[in-house]
Amino acid sequence: MSDADLIEVKSEVEFEDGDRELVDVNGAEVGVLRVDGEFHAVRNRCLHDCGPIAEGAVGKKLVGEFVEPGKRVEKDYDDDEPIISCPWHGWSYDLETGEQLADDDIVLPTYDVVVEDGVVYVDGSSS
Amino acid sequence: MLRSDESQPRQETLDQYYVIDGDCHYMESFHDVAEYMEEPWKTKFENSNFDEKGAKQNLSSFFPFSTGDRQAHGKIEREHSSYPDDPETPERIREGMESIGVDETLLISHLILAGAGTTADDDRQSAFAKAYVEYMREEVLDPDDGIHGLAPIPYGDLEASMEILDRIEDEEAYVGACFVTAGATPPLGNRKYDPLYERCEELDLPAVFHTGGAGLDEYVRAGYQEMIETHTLGFLESNMSQIVSLVCQGVPEKFPDLDIVFMESGITYLPGLMTRLDEEYLKRPEEAPLLEKKPGEYITDFYYGTQPLEISAEAEYLEKCFDMVGTDSLMYASDYPHWDYGRPTTVADLPFLSEGEKKQILSENAKEMFDL
């Protein structure tokens with residue numbers, strides 16, 4: 001990564017939890033989000049039908065655990081796996097890895113987000 | 001009566017292959033099975049005037065219990081079976097097998113297929129299934145002669161089902177457990193059936209899901225006119241509904257060593273089901289949280305009987321279906337002596353299969369899966 005690869009988003013103090021910003025990264029529209037204090041950046045183009053994924057609902061992955069035969073599968077949300085879902089058809093991706101939750105061969109481009117001197121940047125070389 | 005000179009048409013083709021039939025029906029008699037029933041069912045049956053009051057073995061000919069006539073309006077004859085009117089006898093099994101070119105067979109109850117239409121009680125099916133297991137073991141099955149059995153599981157009654165699984169634990173004659181897919185409510189992926197799958201897995205008994213005609217008239221909606229409609233759709237729907245339920249509820253993840261087989265809906269429905277379910281799963285994975293891969297990949301992990309194979313379809317299309325399901329997941333099944341049975345030639349004649357693949361489907365997959 002060089003400074004030339006960094007695309008400025010906005011200052012960290014103005015970037016509140018839940019905020020989203022769209023930036024141009026080498027010609028691609030990228031959504032930058034702050035979720036529970038963490039920054040994430042994803043290509044704003046769902047791999048299903050090119051929907052605006054970065055504008056979609058953010059949530060947590062629902063996981064199930066088989067406890068024992070005959071018992072209900074225990075279901076809960078995994079706090080460590082934030083996800084984002086496309087508002088068009090609901091395709092969901094792991095915000096960190098970009099993997100489609102139903103098929104990890106489908107990977108939405110993600111980018112590193114760095115904060116330098118109080119400014120949030122997307123690393124354009126990181127996808 | 002005119003008779004062909006060739007009593008065994010295509011014998012030369014049939015002779016080339018060792019054939020295991022994954023789905024043959026023994027046309028057992030209510031009377032024979034009743035001898036093995038526990039009370040009060042034995043007395044109830046004996047006093048019921050069965051036959052004398054007109055409820056015959058084949059009770060579908062005039063007043064159908066599901067649309068249509070299994071004799072296809074008098075067109076069907078079975079020289080080597082008593083189908084459809086009279087009970088079978090054990091000595092005719094070999095005759096029937098030889099007539100279609102089968103060396104080993106897996107027998108599934110004929111009458112239990114209609115049992116799923118019984119909605120008044122959950123006792124009658126259990127009484128029948130338990131007696132059937134005893135009758136077949138005692139009088140019909142002969143594993144040394146290649147005649148194996150699948151035990152009917154009256155899954156609506158878990159206790160009776162577990163008793164049957166316990167009963168066949170050390171019985172060499174039984175090589176699998178049979179679940180009739182018609183009428184299963186809730187569908188068979190529901191957690192209530194988990195103990196049955198757990199026990200099958202423990203006993204290394206494949207779970208064989210077999211569609212059936214019970215309730216066909218109103219399988220989803222009432223008002224169909226002909227059997228061509230209900231049989232085409234209903235047999236398919238009964239299997240599809242259970243495949244979707246098993247996969248989405250995670251049965252293959254809960255019981256990873258359980259072998260799962262589906263019988264009697266042909267092959268071409270599977271690619272359609274796989275692709276549709278995968279498409280749904282990509283949008284709604286949170287509804288099947290036990291899955292570790294796409295639903296279609298579990299579907300191809302299951303085994304499928306070939307009958308009734310859609311041999312009149314374009315070869316290119318059928319070949320694609322075989323490719324998608326995988327020849328390692330297919331096993332020849334005749335459904336003999338039922339009206340739409342298929343001979344091993346249905347597989348042997350396919351132009352796109354290699355000799356190795358034909359052998360896989362005609363015997364090797366079944367031999368391995370059922371440990372024959």
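Which helix gives the most to the lining of the largest cavity? The helix is α4(B), with five residues. Please keep in mind that this is a predicted model. The points below walk through its cavities, its aromatic rings, a few side chains of chain B, and the build of chain A.

**Cavities**

- The count comes to three cavities of 30 Å³ or more.
- The largest cavity has a volume of about 110 Å³, and 17 residues line it.
- If you want to find the largest cavity on screen, look for B:C24, B:H25, B:I93, B:G96 and B:Y336, the lining residues that lie nearest its centre.
- Three elements of chain B, namely β1 (20-26), α4 (91-100) and β2 (104-109), each supply at least two residues of that lining.
- By class, the lining of the largest cavity has nine nonpolar, five polar and three charged residues.
- The second largest cavity holds about 40 Å³ of space.
- Around the second largest cavity you will find B:I112, B:A116, B:Q125, B:I153, B:P154, B:Y155 and B:V180.
- This second lining divides into six nonpolar residues and one polar residue, with no charged residues.

**Aromatic rings**

- Over all chains, the structure holds 17 aromatic pairs.
- One of these pairs is B:F262 with B:F302: the ring centres are 6.1 Å apart and the planes meet at 25 degrees, so the pair counts as stacked.
- The pair links distant parts of the chain, as its two residues are 40 residues apart. B:F262 belongs to strand β6 (residues 260-263) of chain B, while B:F302 sits in the loop between α12 (295-299) and β7 (303-305).
- Both partners are buried: B:F262 has a relative accessibility of 1%, and B:F302 has one of 3%. The cut-off for buried is under 20%.
- B:F262 and B:F302 also belong to one aromatic cluster, together with A:F66, B:Y155, B:F179, B:Y193, B:Y197, B:F209, B:F255 and B:Y304.

**Lysines over rings**

- B:K44 lies over the face of B:W41, at 4.4 Å from the ring centre.
- In another such arrangement, B:K293 lies over the face of B:Y298, at 5.0 Å from the ring centre.

- B:T327 is in the loop between α13 (315-325) and β8 (330-331) of chain B.
- With a relative accessibility of 14%, B:T327 counts as buried.
- The side chain of B:T327 makes a polar contact of 3.0 Å with the side chain of B:Q360.
- B:H231 lies in helix α9 (residues 227-248) of chain B, and its relative accessible area of 11% makes it buried.
- Along the chain, B:H231 and B:D217 are 14 residues apart, and their C-alpha atoms are separated by 9.1 Å.

**Chain A**

- Chain A has 11 strands and zero helices, and its pattern along the sequence reads β-β-β-β-β-β-β-β-β-β-β.
- The C-alpha trace of chain A spans about 60 × 30 × 25 Å along its principal axes.
- Of the 127 residues in chain A, 40% are buried.

Methods:
Residues are numbered from 1 along each chain as its sequence is written. Chains are lettered from A and ligands numbered from 1 in the order in which they are written. This is a predicted model: local features need pLDDT of at least 70, side-chain atom pairs count only at pLDDT 80 or more; totals for chains, interfaces and linings use all residues. Side-chain values use heavy atoms; hydrogens and water are left out. On a 1 Å grid over the protein atoms alone, a cavity is a set of points where a 1.4 Å probe fits but cannot get out, and a pocket is an open set with protein on both sides within 12 Å along at least five of seven lines; lining residues have an atom within 4 Å of a point. Grid points are joined across faces, edges and corners, and a volume is the space filled by probe spheres set on the points. Helices (H or I, at least four residues) and strands (E, at least two) are DSSP runs, numbered from the N terminus. Ala, Val, Leu, Ile, Met, Phe, Trp, Tyr, Cys and Pro count as nonpolar, Asp, Glu, Lys and Arg as charged, and the others, Gly among them, as polar. Rings of Phe, Tyr and Trp (its six-membered ring) pair if their centres lie within 6.5 Å; planes under 30 degrees apart count as stacked, over 60 as edge-to-face and the rest as tilted. Buried means under 20% relative accessible area, exposed over 50%, partly exposed in between (1.4 Å probe, protein chains only). A charge sits over a ring if NZ of Lys or CZ of Arg is within 6 Å of the ring centre and within 35 degrees of the ring normal. A polar contact is a pair of N or O atoms within 3.5 Å; within protein, one must be able to donate a hydrogen and the other to accept it, and residues adjacent in sequence count only if both atoms are side-chain atoms.
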